[in-house]
Amino acid sequence: MISVGRGRSGRTEAARALVQPVSIWQETLLKFEEDPQCTDDFRHMLLLSHTTLVKPRLDRRRLQRALDKVFLRHDSLRIRFERIKGKWRAVVAPPGPVEIVEIDASNADPVAFNAAIMETANKPLPLIGGPMAEVVLVRGGVHGDAVIARVHHAISDGFGMVVLFEDLFKYLMGLPVLERAVSHADYITNFQSPPPARVAEIEAFWAELHRDFPKTPVLGRLTKGRTNPPPILGERIMRTLTLMLSKRAQERLKALSTKLNVPKTTLIFATHYQAVCESFDLDRVAFMSHVTRSDPRLATFMGDHTLDPLLIYTRVARADFQSAIVELSQTYMKVMAHLPSNTARLGTDYWDHLVAQGSYPGQFSAYQPRAVSREDKSLFKQAFRSPLGTEFSLGPYKVSAVEAGRSTRISFDLQIKIDPLDPATIRLRFDKLSLDDHEVQKVADTMSDLLGVEFVEADLS
């Protein structure tokens, strides 16, 4: 038997909501939300859901106090979107007691308990007309208590979820949280756009980097009698080719990375895009890179700081490939020194300009986890580095991460995904409606040839 109840709603403080501008990213998502081609799959992709299993039983009052402090500290969690005089605005509610949804699954068997978590973690979270964040407590009795944070991507990102859970557990354990958090207004004023003194320099850098931006190559859907979908929107079917490196191959890549003085991730990214060019007979390829936060002052920001800069890789002869790797690494360093920028945000006027000029800026993508530097210093460090389900001690609690959120959609034709904490695994995620299995396998084989290593295992799912 599973029953649902709600925590105390309490009284909000006698303070007025603050009306503030929306961020560039929020404006983009609101524009997509109103697009006739916006799908439920896309909306689901924007749900950030993180579940932590906690033992022993959580004290309700302690959890309530901790959440109240987290929502007070991070005003992004209190944002709703409203049209005011024809413009979207972020309306920040005054701090007050946080409503906790509580589900009693203490008498459920393991299958029913896990089903309750999955159902709760993946319920839709609308962008308009409701809160952007909520916390659900699933009481599991002998199974433990599941704390599920559900947050909309409009107000947070993967890094922000790290900040949320670290602060929550510090408050639960009575530890101090001393640094002032960056607020939504702070972000809009001080971090969203380049400093006025650097605008001309940053715009000139990107104009030079993107001179003669590549047109959409004739591959994928264009060769199958289909048109490419609008950026982000439209139907896609996800497939993943997982490649495993042997110990010997890992050591070879580590040695090459040391020799060239480039990060291993950049080494593999360069190899991937050289392989894409060779496999599809392209001279140049544009790709979107998901990067970590470059400004340490944003370490306490719970909100979304979506920076996905567009880079270009130019195909070279095999004899010049190592030089191309070094050049891409140097370009990455320059890119990080020239953020933020409109070229680092999906859906901006610049992005729309590229599309209008015949480019498909998000067709290829390179991804590595965003919060690595934060994880290294985090109270949750062991949780981030451990496989799902691994139980570890955190003060008086035994905690473990639960894989409950489902991501069923992608926004590109082909993405290379690398986790620096898992050096043996390379994933090629692709849209089945654009690329066939054998085409992606050809890219993988070319990467193997370029690096001089063999993948000991390949799994297509």
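Modeller: Contact here means heavy atoms within 4.5 Å. This is a predicted model, in which local features need pLDDT of at least 70, side-chain atom pairs count only at pLDDT 80 or more, and totals for chains, interfaces and linings use all residues. Residues are numbered from 1 along each chain as its sequence is written, and side-chain values use heavy atoms, with hydrogens and water left out.

Colleague: Which residues is Leu 77 in contact with, leaving aside its neighbours within four places in sequence?

Modeller: A nonpolar core is a set of buried Ala, Val, Leu, Ile, Met, Phe, Trp, Tyr and Cys residues joined through side-chain atoms within 4.5 Å. Buried means under 20% relative accessible area, exposed over 50%, and partly exposed in between (1.4 Å probe, protein chains only). In the largest such core, of 57 residues, Leu 77 and Phe 81 have the most contacts. With those sequence neighbours set aside, Leu 77 touches Val 70, Phe 71, Ala 133, Val 151, Ile 155, Leu 164 and Met 302.

Colleague: How are helix 3 and helix 5 oriented to each other?

Modeller: Helices are DSSP runs (H or I, at least four residues), as are strands (E, at least two), numbered from the N terminus. Axes are lines fitted to C-alpha atoms, for helices over the stretch in contact, and angles run from 0 to 180 degrees between N-to-C directions. The axes of helix 3 (residues 60-73) and helix 5 (residues 158-172) come within 9 Å and cross at roughly 135°. Angles under 35 degrees count as roughly parallel, over 145 as roughly antiparallel, 65 to 115 as roughly perpendicular and the rest as oblique, so helix 3 and helix 5 are oblique.

Colleague: How are helix 8 and helix 10 oriented to each other?

Modeller: Helix 8 and helix 10 (residues 321-336) have axes 10 Å apart and pack at about 70°. In this contact Leu 256, Lys 259 and Leu 260 of helix 8 meet Gln 322, Ile 325 and Val 326 of helix 10. By the angle, helix 8 and helix 10 are therefore roughly perpendicular.

Colleague: Is Ser 246 buried, exposed or partly exposed?

Modeller: Ser 246 sits in the loop between strand 9 (238-245) and helix 8 (247-260). From Glu 33, Ser 246 is 213 residues away in sequence and 44 Å away in space, C-alpha to C-alpha. Because its relative accessible area is 21%, Ser 246 is partly exposed.
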